[in-house]
Amino acid sequence: MSRVKLLGVNGSPASRRVEWALKIKGIKYEFITEDLQNKSPLLLKSNPVYKKIPVLLHNDKPIAESLVIIEYIDEAFEGPSILPKDPYDKAIARFWAKFLDDKCLPAVWKALWSQGEEQEKDKEEVYEVLKVLDNELKDKKFFGGDNIGFVDIVANFVGFWIGIVEEATGVVLVTSEKFPNFCAWRDEYLNCDKVKENMPSREMLLGYFKSRVQAAAAIPK
């Protein structure tokens, strides 16, 4: 019997991706909640390079970085496939997953929290990135076609978290007028039972981000 543990945080998109993959494979695991302000010796030992969550421990062997972990889970355990079997389709899925993490997530996060002229520049960068996603989603229900796939799992931040942070900050980045295909995908995504089962409490996240907004507002300019 293999031992599986996951070091993570309940409200982290990266942690949630890995939990989703584990559930797809039907793997029993122990979730160990990390305090990111006081990281545990286990986390620091398991991921000494980045010192970040999530980290998967499989028979005490650590694997770090959510995309790497998901691919490991897909290859190491029996069960439904997460990535496409076809080599070309798999390469394309990896490309879009990397695009989401390297280009989309940082740009969106920056634009949601910056201010003034800087924020206007940041918004333009986000619009360019979202146009790319919008074009990719044309005539598609999900990134992988008719069913939730690897890229949709990786896209949990843009699918779920963005709307919550928009509400907390009052900054609107996504509209159906600008990005109709993306918004159609997001509607399908948020109404999918598999997605609902693998997301944290919306109320909890909204409260957390609202408190961040209030804390930022209280800092003297």
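View 1. Lys51 is partly exposed, with a relative accessible area of 37%, where buried means under 20% relative accessible area, exposed means over 50% and partly exposed lies in between, computed with a 1.4 Å probe on protein chains only. The model shown here is predicted, so that local features need pLDDT of at least 70 and side-chain atom pairs count only at pLDDT 80 or more, whereas totals for chains, interfaces and linings use all residues. Residues are numbered from 1 along each chain as its sequence is written, and side-chain values use heavy atoms, with hydrogens and water left out. Although Lys51 is not a glycine, its phi is positive, at about 55°. Most residues other than glycine have a negative phi, and most peptide bonds are trans. The peptide bond that joins Ile53 and Pro54 is cis, with omega about 0°, and Pro54 lies in the loop between α2 (41-46) and β3.

**View 2. Lys52 over the ring of Tyr50.** Lys52 lies over the face of Tyr50, at 5.5 Å from the ring centre; a charge sits over a ring if NZ of Lys or CZ of Arg is within 6 Å of the ring centre and within 35 degrees of the ring normal.

**View 3. Asp139 in the loop between α5 and α6.** Asp139 also has a positive phi, of about 65°, although it is not a glycine. With a relative accessible area of 76%, Asp139 is exposed.

View 4. Strands of a sheet pair through backbone hydrogen bonds, either parallel or antiparallel. Strand β1 (residues 4-8) and strand β3 (residues 55-58) run antiparallel and are joined by 4 bridges, and Val55 in β3 is the bridge partner of Leu7. UniProt, in an unreviewed entry, lists residues 2-81 as "domain: GST N-terminal"; UniProt positions are given in the numbering used here, feature names are shortened, and annotations may be inferred rather than shown by experiment. Over residues 2-81, the chain is 38% helix and 21% strand.

**View 5. The aromatic pair of Trp113 and Phe209.** The structure holds 13 aromatic pairs, where rings of Phe, Tyr and Trp (its six-membered ring) pair if their centres lie within 6.5 Å, and planes under 30 degrees apart count as stacked, over 60 as edge-to-face and the rest as tilted. Trp113 and Phe209 form a tilted pair, 6.4 Å centre to centre with 45° between the planes. Because Trp113 lies in helix α4 (residues 87-113) and Phe209 in helix α10 (residues 202-218), the pair ties together parts that are 96 residues apart in sequence. Trp113 is partly exposed, with a relative accessible area of 24%, whereas Phe209 counts as buried at 5% relative accessibility. The charged end of Arg212 sits over the ring of Trp113, 4.6 Å from its centre.

**View 6. The aromatic pair of Phe143 and Trp185.** Phe143 and Trp185 form an edge-to-face pair, 5.3 Å centre to centre with 70° between the planes. Phe143 lies in the loop between α5 (116-136) and α6 (150-154) and Trp185 in helix α8 (residues 180-190), so the pair ties together parts that are 42 residues apart in sequence. Both Phe143 and Trp185 are buried, and one aromatic cluster is formed by Trp20, Phe143, Phe182, Trp185 and Tyr189.

Note on methods:
Helix = DSSP H or I, 4+ residues; strand = E, 2+ residues; numbered from the N terminus. Pairing = 2+ DSSP bridges.
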